[in-house]
Amino acid sequence: MHLCLFISRLHGGGAERVALTLAGAWIRHPEIARVTVVTGLGNEEAEPDLASEIGLIRLPLQAQSETRLAAITANARRILQLRGALRQ
């Protein structure tokens, strides 16, 4: 089984710590083959403290759009990026 946790950012808040703790506990479960954490920010975040068995995918999903058309285009791009991350 493959688990994928989506969290918008990994700055040391309570929800972020809980998600990373759950990922660490789930990777030790015998029926779970892979755990991946997907975060909505790109490489500007500090590296979280993850076990080496846990995958980390950073997607630059948060950005401001100047127009409605740009927002729609950006949202379509985000959906495609998330789908690609799920397929990995």
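Helix α2 covers residues 68–87, which is 20 residues, and at 1.5 Å a residue it should span 28 Å. That expected span is 1.5 Å times one less than the number of residues. The end C-alpha atoms of α2 are 29 Å apart, which agrees.

This is a predicted model: local features need pLDDT of at least 70, side-chain atom pairs count only at pLDDT 80 or more, and totals for chains, interfaces and linings use all residues. Residues are numbered from 1 along each chain as its sequence is written, and side-chain values use heavy atoms, with hydrogens and water left out.

Which residues of α2 are buried? They are Ala74, Arg78 and Ala85, where buried means under 20% relative accessible area and exposed over 50%, with partly exposed in between (1.4 Å probe, protein chains only). Seen down the axis of α2, these buried residues fall within an arc of 45°, so they line one face of the helix. The arc is taken from the directions from the helix axis to the C-beta atoms. They pack against β2 (34–39) and β3 (55–58), contact meaning heavy atoms within 4.5 Å. On the face turned away from the buried side, α2 carries exposed Arg68, Leu69, Ile72, Leu80 and Arg87.

Now the whole protein. Its order along the sequence is β-α-β-β-α, with two helices and three strands; these are DSSP runs, helices being H or I of at least four residues and strands E of at least two, numbered from the N terminus. Of the 88 residues, 32% count as buried. The C-alpha trace spans about 45 × 25 × 20 Å along its principal axes.
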